[in-house]
Amino acid sequence: MVHSLEIALKSELFDAEGAGISRKANDYFGFAVTSARTVNILTIDIDLTPDQLEAIRTEIFTNPVSQISDYAPLDIDFDWLLWVGYRPGVRDNPGSTAVEAVRDFLGISIREDQGIYTSKRYCLKAEDLSPSDAERIAKELLANATIQRWKCVSRTDWNPKEGLGLT
């Protein structure tokens, strides 16, 4: 079964990456993005038990001092959610490193047809952003169209129970 682990900075901590995205969207395009929060996503396609999943979440992938994480979508407020991930067939180096960490930590072998795939979602607060504006931010600021793909989801189209699904 495939699992999606979301990891983000605690809400009280400054998200420098998100602040940079807000500033660039405003400076380059004249948009009114008031804030952005980043969420790292690990799509785990490895046969693991619930105990193993919890162990890698808490012991490998989450810093309890500065981060929150869950296998359910994190509740981070936004007007627009922009998701960016690697295209199929593109080498995901952080994902490969994550596989090595899980293998070493759990002491298990991982088959060739299993893996961990990384992506990121950006939670933007920008009430007046249009769908084409959101698409422009994703395409021109966040993704490299040669190796990455993206999705833009408005708050009204978001289902917090399903999240992005398996992307």
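Predicted model: local features only at pLDDT ≥ 70, side-chain atom pairs only at ≥ 80, totals over all residues.

User: How far apart are Thr-58 and His-3 in sequence and in space?

Analyst: Separation along the chain and separation in space are read as two values. For Thr-58 and His-3 they are 55 residues in sequence and 15 Å from C-alpha to C-alpha.

User: Arg-57 is also of interest; in which helix is its place, and is it buried or exposed?

Analyst: The same cut-off is applied here. Arg-57 is in helix α2. Its relative accessible area is 17%, and because under 20% means buried, Arg-57 is classed as buried.

User: Which residues does Arg-57 touch, not counting those up to four places away in sequence?

Analyst: Leaving out sequence neighbours keeps the list to partners from elsewhere in the chain. For Arg-57, with residues up to four places away not counted, these are Leu-5, Thr-62, Ser-69, Asp-70 and Tyr-71.

User: Let us turn to a strand. Where does Gln-67 lie, and what is its relative accessible area?

Analyst: Gln-67 lies in strand β3, residues 67–70. Its relative accessible area is 22%, so Gln-67 is partly exposed.

User: Which contacts does Gln-67 make, and what does its side chain reach?

Analyst: Setting aside neighbours within four places in sequence, Gln-67 is in contact with Ile-7, Ala-8, Leu-9, Lys-10, Phe-61 and Thr-62. The C-alpha atoms of Gln-67 and Ile-7 are separated by 6.7 Å, although the two residues are 60 apart along the chain. The side chain of Gln-67 also reaches the backbone nitrogen of Asn-63 at 2.7 Å.

User: In which strand is Ser-119 found, and is this residue buried or exposed?

Analyst: Ser-119 is found in strand β5, residues 115–125. With a relative accessible area of 10%, Ser-119 is buried.

User: What joins the side chains of Ser-119 and Trp-83?

Analyst: A polar contact of 2.9 Å joins these two side chains. Beyond neighbours within four places in sequence, the contacts of Ser-119 include Val-39, Asn-40, Ile-41, Val-84 and Gly-85, together with Trp-83.

User: How many helices and strands does the protein chain have, and what is their order?

Analyst: There are 4 helices and 6 strands. From the N terminus, the order is β-α-β-α-β-β-α-β-α-β. The radius of gyration is 16 Å, close to the 15 Å that the globule rule gives for 167 residues, so the protein chain is as compact as a globular protein of that length.

User: What percentage of the residues is buried, and how many positive and negative side chains are there?

Analyst: Such totals describe the chain as a whole. Buried residues make up 44% of the 167 residues. The chain carries 18 positive and 26 negative side chains, and the centres of the two sets lie 3 Å apart.

Methods
Residues numbered from 1 in each chain as written. Heavy atoms only, no water. Helix = DSSP H or I, 4+ residues; strand = E, 2+ residues; numbered from the N terminus. Rg over C-alpha atoms; globule rule 2.2 N^0.38 Å. Buried < 20%, exposed > 50% of the residue type's maximum accessible area, 1.4 Å probe, protein only. Lys, Arg positive; Asp, Glu negative; His and termini not counted. Charge placed at Lys NZ, Arg CZ, Asp CG, Glu CD. Polar contact = N/O pair within 3.5 Å; in protein donor to acceptor, adjacent residues only side chain to side chain. Contact = heavy atoms within 4.5 Å.
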